Amino acid sequence: MRLIAVSILAIAACGGSSAVQKPSPGTGSATGSASATATPAGSAGAAVSIELGEMTIFDGTRAVVKIHANGQTEIASATDALSPGPTLDADGTIEVGGKPRIRITGDKLVDLSSGQAVPVTVGPESLTISGGGTPITMSIGADGTFVFAGAEVPPGKAPRVEGANTPGKRRAALVLLMLLLGADAAASAESGSAVPPAPAK
């Protein structure tokens, strides 16, 4: 997935690089819209929910991420071909390659491989990354444009989502985009490049 701005890359790497590797095909859940609230006993965070539904995230006019009502996602490659991505499960678990990797627990994201919380707070209408430096808060405006408070994004360069018409759907889109930005940032850092190459024309 082509990234939107270097500033977003750097922050996402701090907050999300431990979360997932490059997306691999996942397995889906039952079809239809679903809502999840994950708050185990003893959780200190307030309960927040995600809702599944048909959503598309755009980079300009290019569809880069599709979220389906059964929780399956599709991610655009550099050639715009869509490939299976992470799966959002009804209990708030995010699967990568068919394996549970991240779970929404209260208002936190937990890395299931380590049991540690990722430095991200999921709010009613926002997501705050606090892994290092200045915290960055992601939200979605009334027109579907992602807003990054604390990061500079060139005018007209922020991604946009269609179909995120409830708070739960907006939270699902925010969490998925943050994880994908973090995975891309990690891959870019490993290759020694500031940003991944732009897609082929």
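Mentor: One term before we start: buried means under 20% relative accessible area, exposed means over 50%, and partly exposed is in between. Also keep in mind that this is a predicted model.

Trainee: Ok. So is Arg-170 buried or exposed?
Mentor: Arg-170 has 18% relative accessibility, so it counts as buried.

Trainee: Which side chain does Arg-170 meet in a salt bridge?
Mentor: That of Glu-125, at 2.9 Å from N to O. Glu-125 sits in the loop between β10 and β11 while Arg-170 is in helix α2, so the pair ties together parts 45 residues apart in sequence. Glu-125 itself is partly exposed, with a relative accessible area of 38%.

Trainee: And Arg-171, where is that found?
Mentor: In helix α2, which covers residues 167–191. Arg-171 is buried, with a relative accessible area of 9%.

Trainee: What about Arg-160, what does it form a salt bridge with?
Mentor: With Glu-162, and their closest N and O atoms are 2.7 Å apart. Arg-160 is partly exposed at 25% relative accessibility, and so is Glu-162 at 43%.

Trainee: Changing topic. How many strands form the sheet?
Mentor: 12 strands form an open sheet with antiparallel pairing. β13 and β14 are the edge strands, each pairing on one side only. From one strand to the next, the twist averages 30°.

Trainee: What does β13 pair with?
Mentor: β12, residues 136–140, in the antiparallel sense over 4 bridges. Ser-139 has Val-147 in β13 as its bridge partner. The two strands form a hairpin with 5 residues between them, and Gly-144 in the turn has a positive phi of about 90°.

Trainee: Which residues are on the covered face of β13?
Mentor: Phe-146 and Phe-148, while Val-147 and Ala-149 are on the uncovered one. In general, side chains in a regular strand alternate between the two faces of the sheet.

Definitions and conventions. Residues numbered from 1 in each chain as written. Predicted model: local features only at pLDDT ≥ 70, side-chain atom pairs only at ≥ 80, totals over all residues. Heavy atoms only, no water. Pairing = 2+ DSSP bridges. Axes fitted to C-alpha atoms, helices over the stretch in contact; angles between N-to-C directions. Buried < 20%, exposed > 50% of the residue type's maximum accessible area, 1.4 Å probe, protein only. Salt bridge = Lys/Arg side-chain N within 4 Å of Asp/Glu carboxyl O.
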